[in-house]
Amino acid sequence: MAQLWGGRFTKPTDKLVNEFNASIRFDRRLYKEDITGSIAHATMLGRQGIITEKECRQIVDGLRGILRDIENGTLEITDDYEDIHSFVEANLIDRIGDAGKKLHTGRSRNDQVALDMRMYIRGECDAVNAELKKFLCTLLDIMKDNTETYMPGFTHLQKAQPTTLAHYMGAYFEMFRRDRSRIADCRKRLNECPLGAGALAGTTYPLDREYTAKLLSFDCPTRNSMDSVSDRDYLIEFLSDLSLVMMHLSRLSEEIILWNSNEYQFVEIDDGFSTGSSIMPQKKNPDIAELVRGKTGRVYGHLFGLLTTMKGIPLAYDKDMQEDKEAAFDAIDTAVNCIILTNGMIKTITFNKDVMRKSAVRGFTNATDAADYLVSKGVPFRDAHGIIGKLVLYCIQNNKSIDDCSIEELKAVHPAFDTDVYDAISLKTCVNKRLTAGAPGPDAIRREIAECESYLA
């Protein structure tokens, strides 16, 4: 196995130790960041006169050739190397000779891997944010098409008050909007360049860390060299942000699973996002929603695993930190796939609008409005609350909704009821009267949709 060390050792490393120690099987995905960082480092070394201009050109051209060959498939990253750093450096030396041996001047694998991971996570922040934006566009389309799609709102999974599908999806829009904001904050905090920190105490070479940071589009160099190589806060923060994304996806998935059941029948999931049963021919299962719900725990696990790994590590770098990569890579892959699949599922779903409306009527979601109606007739709210509770009990016993009751039945409960009650407690009236900011009323929801459009633009 090709390694970047070994001078002080008198015997080869045990084969099992090599395999246990190596990270090439998973850190190979950092090849682009590693090469890009090395090009910046070599450019800075040449600018500072630490290597000659000729050596700088040889190194940069060689690195660009390696990157090109990896991406066109003519150079394979194999497990014959300890890590992606040794793979790149060994191939560079093979191609350009002794000049390649000067690439690592003034640099340690500690600040090198810290750089690679920051650059990689920075890119993944952008990628996740882009997928979330696509998903928000889908939610906004549903909102715009369903401002008058009436349905029950719930508390304690009990039907509570009438709302609209636009209002319901608007709640999820806000969740994922916050997720984008958190990820943007994380990206801003991590955008400091650790290159030049060395193993932990910097270097005696006259490096220009500000120049390297600028070349790599960082805001500035990191401020403390020990912190530079031992910091994984940004990674923990990103996994925390992804955990919140997954929590929100899981909540929405749970809604879809419930709404897809025979008991609700609010939605019909597209065949392309459903599966069947090997034994029960009638089944159409919401497997994508269930898997998203299940994979949420997987992302949580990676977050807690990394927190546990980091909690007892003294300064500065320790090999434990190699465990950050597999956790981060899998959490990112899982979250991105879940966002994409949930977006596809929601974009193609059919909402059974008439079923949703009837469910709101049958669920006494207008009971609060019926109490408010009595209040408008001079009945104290606390008395009105009790009166409507008795009316609901009467309706349950007689298998009808409040709307189904005759005026005689209503007056038997309280004489303040009159024929104008039917308009006052219709779903449309109940929703339209809710005009406070953030409510489902037509004016409020139009303002909300307009603001969402402005945000996405």
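Helices here (H or I, at least four residues) and strands (E, at least two) are DSSP runs, numbered from the N terminus. The structure is a predicted model, so local features need pLDDT of at least 70 and side-chain atom pairs count only at pLDDT 80 or more, while totals for chains, interfaces and linings use all residues. Residues are numbered from 1 along each chain as its sequence is written, and side-chain values use heavy atoms, with hydrogens and water left out.

On that basis the chain comes to 19 helices and 6 strands. Its C-alpha trace spans about 100 × 50 × 40 Å along the principal axes. Of the 457 residues, 51% count as buried (buried means under 20% relative accessible area, exposed over 50%, partly exposed in between; 1.4 Å probe, protein chains only). As for contacts (heavy atoms within 4.5 Å), 75% of those with a separation of 6 or more link residues 24 or more positions apart.

Next, a loop. Lys377 sits between helix H14 (367-376) and helix H15 (381-397), and counts as partly exposed because its relative accessibility is 38%. Setting aside residues up to four places away in sequence, Lys377 touches Ala416 and Asp420. Asp418 is 41 residues from Lys377 in sequence, yet the two are 9.7 Å apart in space, C-alpha to C-alpha.

Glu55, by contrast, belongs to helix H4 (residues 53-72). With a relative accessible area of 13%, Glu55 is buried. Beyond its neighbours within four places in sequence, Glu55 is in contact with Ala99 and Lys102.

Then there is a helix pair. H7 (residues 165-190) packs against H19 (residues 442-456) at an angle of about 30 degrees, and their axes are 11 Å apart (axes are lines fitted to C-alpha atoms, for helices over the stretch in contact, and angles run from 0 to 180 degrees between N-to-C directions). That angle makes H7 roughly parallel to H19 (under 35 degrees; over 145 is roughly antiparallel, 65 to 115 roughly perpendicular and the rest oblique). The residues meeting here include Phe173 and Arg177 in H7 and Ile445 and Tyr455 in H19. By class, the contact residues divide into 6 nonpolar, 2 polar and 5 charged (Ala, Val, Leu, Ile, Met, Phe, Trp, Tyr, Cys and Pro count as nonpolar, Asp, Glu, Lys and Arg as charged, and the others, Gly among them, as polar).
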